[in-house]
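I opened this model to look up a few things for my notebook. My entries follow in the order I made them.

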Amino acid sequence: MRRLAVALLAFTAVAAQTPRPAFEPIQADLFALGGSFTNAWADIENDGDPDLFVGFGGTPNRLYRNDKGVFTDIAAEAGVADARPARAAAWGDFDADGDPDLLVGFTPGDASLLKLYRNERGRFTDVTAEAGLTVTAGAVRQLSWIDPDADGDLDLFVAFRDREKAFYRNSGNRFQDVAAEIGLADRRRSVGAVWFDMDDDNDLDLVVANMDGDANALFRNDAGKFTDVAEAAGIAWGGRAPKDSANGTVRVCAADVDLDGRLDLFFANYGPNGLFLNRGNGMFEDVSKTWGVAIDGRYDTCAFADIDHDGRADLYVNGTYTANKQFPDYLFRNTGKAFDDVTPDNVKALNADHGAAWADADGDGDLDLALTGVRPDGMHSVLRNLLPSKPRRALIVQPTQTLPGAVVRAWAPGTPRRLIASALVDTGSGYDAQNWLPVHLGVGDAALVDLEITYPAAGRAVRGALAKVPAQSGKVVALPVPSR
């Protein structure tokens, strides 16, 4: 009995230190419209406030300018209020002029499925045709700005639901599809994708989420040519039933879940969700059941974020709406050994699906959550994270070059080094979206941290570092990156 009492006291102490997360809606009336699919954050004016693009299913798309936590829809005046149904969005500085440009993927119609808007001081100009990105056929899904050849400009990967994938190489801000010649013109029915260095050989590999019973792909990058090694790596089915046409993977996300220095994978599935820890040498272990995420259902989205600044990557998983059924969403807290369901009741009550994206919307130093919902009674909410007034510390790390696929890590100073936090410069969390933001690192109670960025640059590692950075919550740190 005494042991039980001691255990209960210890549990109570831990619980008191780690309150359940709470969120409240920001400008609920403004974000009330349903019928929305995709959302993506970017600081379009470089003023330090993340702005939000939301793509809808037939009503005009919206672009919310953020002024110190107050949002205003400027899509019409900015030139991005298209009323065509949107299924994908990605921010990236394709012309390297210092501000994020916007690429939107639409459903089939009379005009190009892709539309590239060049950002000109917060106003956007359609440059699709001159960039060579006019596409007239296909069901567009994941769009990823990425530079796997490390030549200093952003190339473009496009996943399609019904045709071969495309990889557009950027040459002087004009794009040419070279997917067939590099091994990426795969015809499986794809939705999501994420780029990262899965085998620590200093080049960027690609995981693609496939639907309708198709196996997922893990395209290993070998000197610019790609080979699917998903079966050998152990992730071909991502935790779902093999070769089952009713099962599929919608979204795959990457994060260092167990803080061992390697990026792990979560699969949001039609079927049981999957978590696969990276064991090195290109091999992954299925830990879905032991970590508590193998929940059978229909899921559209995953998005990692450290919601409580303890250094561990927490996880939002968005259930879909299909066949008149709303599957529930989950907010999972990472304990270091499992994911615990800590979804607030008011978040459960939302008719959310598809889009899920994190950013510090109100500038208070913690990460807030943007959601979308395709139902007419859905929404496209922005939810403020009500982290306690004296939270653990977090840093906002702004690399001097924004390099999709790079990893930013925080270490405890000294020898041997201890990894405190890690985050991928992401190319595909959320639903068919890519954000363009600084990296947010929770560092717990650390007073000083060593920061490091590692970019896999076509076979060589490009690294930048800062030593003994004061860990002041919400502090923006410019992290230098050497020229490639």
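**Cores.** I began with the nonpolar cores of this predicted model. The largest has 43 residues. I listed the members with the most contacts inside it: F167, L184, W195, L441, V449 and L451. Which strand gives this core its largest share? I found that strand β36, residues 448-457, supplies five residues. I then looked for another core and found one lying apart, with 40 residues. Among its members I noted A40, W91, Y117 and W436.

**Confidence.** The mean pLDDT of the protein is 94. I also noted that 95% of the residues reach 70 or more. Residues 1-16 are another matter, with pLDDT below 50. Beyond near neighbours in sequence, I found zero contacts for this stretch in the model.

**Strand β2.** I went to residues 36-42, which make up strand β2. Are its residues mostly covered or mostly open? I counted seven of seven as buried, so the strand is mostly covered, with buried meaning under 20% relative accessible area. I then followed its pairing with strand β3, residues 51-56. The two run antiparallel, and six bridges join them. I picked out W41 and looked for its bridge partner in β3, which is L52.

**An open sheet.** I traced a sheet of four strands next. Its order is β14-β15-β16-β17, the pairing is antiparallel, and the sheet is open. Which strands sit at the edges? I noted β14 (190-196) and β17 (225-228), each of which pairs on one side only. In β17, K225 stands opposite D222.

**Residue F276.** F276 belongs to strand β20, residues 274-280. Is F276 buried or exposed? I read a relative accessibility of 3%, so F276 counts as buried. I then listed what F276 touches, leaving out residues up to four places away in sequence. The list is G234, I235, G238, G239, D264, L265, F267, F284, E285, D286 and S288. I also took a distance from F276 to P438. They are 162 residues apart in sequence, and their C-alpha atoms are 26 Å apart in space.

Terms used
Residues numbered from 1 in each chain as written. Predicted model: local features only at pLDDT ≥ 70, side-chain atom pairs only at ≥ 80, totals over all residues. Heavy atoms only, no water. Core = buried A, V, L, I, M, F, W, Y, C linked by side-chain atoms within 4.5 Å. Buried < 20%, exposed > 50% of the residue type's maximum accessible area, 1.4 Å probe, protein only. Contact = heavy atoms within 4.5 Å. Pairing = 2+ DSSP bridges. pLDDT = per-residue confidence, 0-100.
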